[in-house]
Amino acid sequence: MTNLFLPEGRRLRSPENRAACESKQGLLQAMERREILEGQVLCCTPEHDLVVDLGEFTGLIPRREAALGIAEGSTREIAILSRVGKAAAFTVEEVRSEEGVLRPILSRRRAQQMALDHLMDTLELGQILPATVTHLEPFGAFVDIGCGVPSMIGIENISVSRIPHPDRRFTPGQEIFARVTGVQPELGRVLLSHKELLGTWAENAAAFHSGMTVTGYVRGIKDYGVFIELTPNLSGLAEGRSDLREGDRVSVYLKSILPQRRKIKLHVLERLSPEERPAPLRYFYTEGVLRDWDYTA
C-alpha cells in the first residue's frame with residue numbers, strides 16, 4: 001500500500017491487511033508499528049462499542065474510540081451506528097486475552113487522527129485525492145478522504161452540467177477522485193471540488209463528431225431550446241419539444257459541433273427509459289496536482 005491513509009474499505013481485502021489481522025504476531029507487530037488496519041464491523045453493542053471481524057479473531061472498538069469527536073460530543077452517534085456492515089480503519093491498542101480468547105482492542109479514532117494530521121501537513125491546493133462517497137444530501141456529497149475522515153463536495157462543484165441532486169452522479173460507496181481547493185487546519189477541514197477532474201469543453205467534445213447519434217439527459221428547458229447533457233461536463237442545445245421534462249434520458253443526433261464557439265447543435269430523436277444508476281464517470285485527471293484549470297481552454 002503506497003497510501004497509508006486510504007478511504008475505508010480499500011485495504012480490507014489486501015494480502016497485507018489479512019496477514020496482519022489473522023495472527024497474534026501480526027496484531028502485535030501492527031500495534032508496535034502503529035500500522036493502520038481494517039476489518040468488517042459485525043455489530044454495534046447497546047453501549048455503542050463496535051465488534052469487528054478480523055478473520056481469526058474478533059476485535060472491539062470502544063465507543064469513545066469509534067470516531068473522532070465522539071468523546072467530546074462534537075460527532076453524532078450515527079457515525080458509530082452507520083459503520084455496521086462496513087469496513088472500519090483502526091490501530092491496535094491492546095491485544096488482551098479474555099478466558100483464553102484473544103480480544104484485540106482497537107481505535108478507529110486514532111487512525112482518523114493520524115490520517116487528519118497527515119492531510120493537514122501534506123496537502124497542496126489542486127492536489128488530487130482518492131475518495132469514497134459515504135452519503136448524499138440535496139446540497140452535496142459527503143466523502144471519506146482517508147480512514148473515515150469526512151469532507152464534502154458541494155453540488156455546484158460536482159460537474160459543470162447542473163444537476164438537481166448529487167444522486168444523478170454518485171451512489172454511496174462509489175470510489176471517486178476529488179481536487180483540494182482549500183485546507184483549514186484550525187478547523188481540521190479539507191475543501192474539495194470534483195468537476196475539474198471530468199475535463200474541459202475541448203477534452204469532452206473530442207469524443208463526439210457530427211453525424212453521430214448518442215444518448216443524453218435533459219438538464220434545462222428554455223423558450224429557445226433544450227439543453228442536453230452529453231457528458232457531465234458537456235452539453236448541447238436542441239430544438240424544444242413539448243413532451244420533454246428535466247431529467248429525461250434521450251437519444252440525440254449531433255447536427256454540428258462548433259469548437260470556436262464551444263457549441264453543439266442537437267436534434268432529439270426520442271425519449272428513452274431511465275437508467276437505474278448514474279452513468280460511469282470518465283476522469284481526465286486522477287493523480288498529481290491540478291493547479292490551474294480553465295473549462296473553456
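1. Gly-225 belongs to strand β12, which covers residues 225-231. In this predicted model, Gly-225 is buried, and its relative accessible area is 0%. Leaving aside residues up to four places away in sequence, the contacts of Gly-225 are Gly-220, Leu-237, Ala-238, Glu-239 and Gly-240.

2. A separation worth noting concerns Gly-225 and Leu-187. The two residues lie 38 residues apart in sequence, and their C-alpha atoms are 45 Å apart in space.

3. Strand β12 is part of a barrel. Five strands close into this barrel, in the order β11-β12-β13-β15-β14, with mixed pairing. From one strand to the next, the twist averages 50 degrees.

4. Strand β14 (residues 249-258) and strand β15 (residues 263-272) run antiparallel and are joined by nine bridges. Ser-251 has Glu-270 of β15 standing opposite.

5. Ser-256 also sits in strand β14. Is Ser-256 buried or exposed? Ser-256 has a relative accessible area of 19%, and the cut-off for buried is under 20%, so Ser-256 counts as buried. With residues up to four places away in sequence set aside, Ser-256 touches Ser-210, Lys-263, Ile-264 and Lys-265. Of these contacts, Lys-263 lies within the range of β15, residues 263-272.

6. Helix α4 takes in residues 108-122, 15 residues in total. From first C-alpha to last, α4 reaches 21 Å, close to the 21 Å expected at 1.5 Å a residue. At the start of this helix, the backbone nitrogen of Arg-110 has a side-chain oxygen of Ser-107 within 2.9 Å.

7. Which residues of α4 are buried? They are Arg-108, Ala-111, Gln-112, Ala-115, Leu-116, Leu-119 and Met-120. Viewed down the axis of α4, these buried residues fall within an arc of 165 degrees, so they line one face of the helix. As background, an α-helix has 3.6 residues a turn, so residues three or four places apart point the same way.

8. The buried residues of α4 pack against both strands and a helix. The strands are β3 (58-61), β4 (87-98), β5 (101-107), β9 (175-184) and β10 (189-193). The helix is α3 (78-81).

How values were computed:
Residues numbered from 1 in each chain as written. Predicted model: local features only at pLDDT ≥ 70, side-chain atom pairs only at ≥ 80, totals over all residues. Heavy atoms only, no water. Helix = DSSP H or I, 4+ residues; strand = E, 2+ residues; numbered from the N terminus. Expected span 1.5 Å × (residues − 1). Buried < 20%, exposed > 50% of the residue type's maximum accessible area, 1.4 Å probe, protein only. Arc of directions from axis to C-beta. Contact = heavy atoms within 4.5 Å. Polar contact = N/O pair within 3.5 Å; in protein donor to acceptor, adjacent residues only side chain to side chain. Pairing = 2+ DSSP bridges. Axes fitted to C-alpha atoms, helices over the stretch in contact; angles between N-to-C directions.
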